[in-house]
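Please look over the sequence and the 3D structure shown below. The paragraphs after it lead through the fold step by step.

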Amino acid sequence: MCVGGFMLGYGVPALVFTAILEAPAPTRTPAAPRFTDRVQQSLKGVVHVQCPNWQGSGFVVGPRLIVTARHCVEGVTSFLITTNDGHQVRATRAISDKAHDVAFVWIDDLTCVAEERGTLAHEVVLHPLPMGNIADCVLGQSVYVIGSPYGKINFNALSVGVISGVNRDWSECGDSYGWKVAFTVDSAGHPGNSGCPVFTTDGVVRGILVGGFSPVLISVMPCDLFVEDTNMIAGMFALDRYEHEKAAEPEVWSYGYVIESEDLGRVGHD
Ligand SMILES: [Zn+2]
């Protein structure tokens with residue numbers, strides 16, 4: 001019996017191997033982008049955000065514009081942004097959305113400040129990520145998240161999950177941050193993930209990870225809040241710079257602008 005079992009064990013793979021060789025060539029169809037390729041594309045636009053006493057995550061939405069969580073920028077005037085390929089830029093200006101836990105960091109100087117021995121001075125090229133509405137998504141849709149849990153030691157770590165809740169309203173929880181428009185995902189999130197992008201599997205950012213009830217009940221602010229307003233936000237930074245230069249003041253920048261959020265009606269699922 002032992003011998004028979006031995007032979008059977010080797011005979012089956014040989015038969016399968018023969019069948020594959022003799023099978024007709026399959027009809028070629030366009031290959032769907034592999035998930036791993038999507039992730040590689042997404043990584044280009046995810047950044048680590050270092051402040052004097054805090055570090056978190058963010059992502060690129062314009063050649064000089066970074067999105068992160070509002071609670072990450074409050075009271076901060078110095079940011080060191082690190083891209084996925086290790087280049088670094090410094091920033092000193094942020095605008096926060098007082099109604100929601102969303103903020104924007106503007107990079108005036110794209111000169112790389114990373115220590116890159118043997119290389120010439122250069123400007124960092126940022127790679128904006130595509131954004132879309134959560135209103136176009138459904139409960140249970142797959143998502144992935146890229147950020148820096150527990151800081152740069154876990155730079156641009158990946159986790160996956162699904163949209164686990166929509167149309168959440170936690171405004172009764174007290175601390176506002178616009179909780180009534182949040183949605184949840186069950187992909188793992190930890191301190192340091194704050195500000196990082198939440199993608200659907202088409203590579204589109206649908207929201208900003210801002211907090212969590214637990215490491216797998218994660219609160220996300222939808223991109224719907226500002227997806228059509230990035231040009232306006234860039235204009236606010238330009239106006240801020242103009243007004244400060246006109247006043248001939250030193251490098252003292254303002255914080256805490258209120259961004260009108262009349263687009264809240266777009267968030268929701270019928
Ligand atoms: Zn560099």
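**A walk through the model**

Val-67 has Phe-104 as its bridge partner in S7. Here a strand is a DSSP run of E of at least two residues, a helix is a run of H or I of at least four residues, and both are numbered from the N terminus. Two strands count as paired if DSSP finds at least two bridges between them. Strands of a sheet pair through backbone hydrogen bonds, either parallel or antiparallel. Strand S3 (residues 65–68) and S7 run antiparallel and are joined by 4 bridges.

This is a predicted model, in which local features need pLDDT of at least 70 and side-chain atom pairs count only at pLDDT 80 or more, while totals for chains, interfaces and linings use all residues. Residues are numbered from 1 along each chain as its sequence is written. The term pLDDT stands for the predictor's confidence in each residue, from 0 to 100. The average pLDDT of the protein is 84, and 81% of the residues score at least 70. A contact means that the C-beta atoms of two residues, placed from the backbone, lie within 7 Å.

The protein contains 4 helices and 13 strands.

Strand S1 (residues 46–51) has two partners to describe. With S2 it forms 6 bridges, and the two strands run antiparallel. A hairpin of 2 residues joins S1 to S2. Within this pair, Val-49 has Gly-56 of S2 as its bridge partner. S1 is also joined to strand S4 (residues 79–82) by 3 bridges, again antiparallel. In that pairing, the bridge partner of His-48 in S4 is Thr-82.

The next group of strands forms a closed barrel. Its 6 strands run S8-S9-S10-S13-S12-S11, with antiparallel pairing. As one example of the pairing, strand S11 (residues 197–200) and strand S12 (residues 205–214) run antiparallel with 3 bridges between them. Val-198 has Gly-207 as its bridge partner in S12.

A nonpolar core is a set of buried Ala, Val, Leu, Ile, Met, Phe, Trp, Tyr and Cys residues joined through C-beta atoms within 7 Å. The largest such core has 56 residues, and Phe-59, Ile-66, Phe-104 and Val-220 have the most contacts inside it. Strand S7 (residues 102–106) gives the most to this core, with 5 residues. Leaving out residues up to four places away in sequence, Val-220 touches several residues, among them Phe-183, Val-198, Gly-207 and Leu-209. Across the protein, 64% of the contacts with a separation of 6 or more are between residues 24 or more positions apart.

Tyr-150 is in the loop between strand S8 (142–147) and strand S9 (157–165). Although Tyr-150 is not a glycine, its phi is positive, at about 60°. Tyr-150 is exposed because 12 other C-beta atoms lie within 10 Å. Asn-167, in the loop between S9 and strand S10 (183–185), also has a positive phi, near 55°. With 15 other C-beta atoms within 10 Å, Asn-167 is partly exposed. Val-138 is in the loop between S7 and S8, and it is exposed, with 10 other C-beta atoms within 10 Å. The C-alpha atoms of Val-138 and Ser-164 are 9.4 Å apart, and the two residues are 26 residues apart along the chain.

How values were computed
Buried ≥ 20, exposed ≤ 12 C-beta atoms within 10 Å, placed from the backbone.
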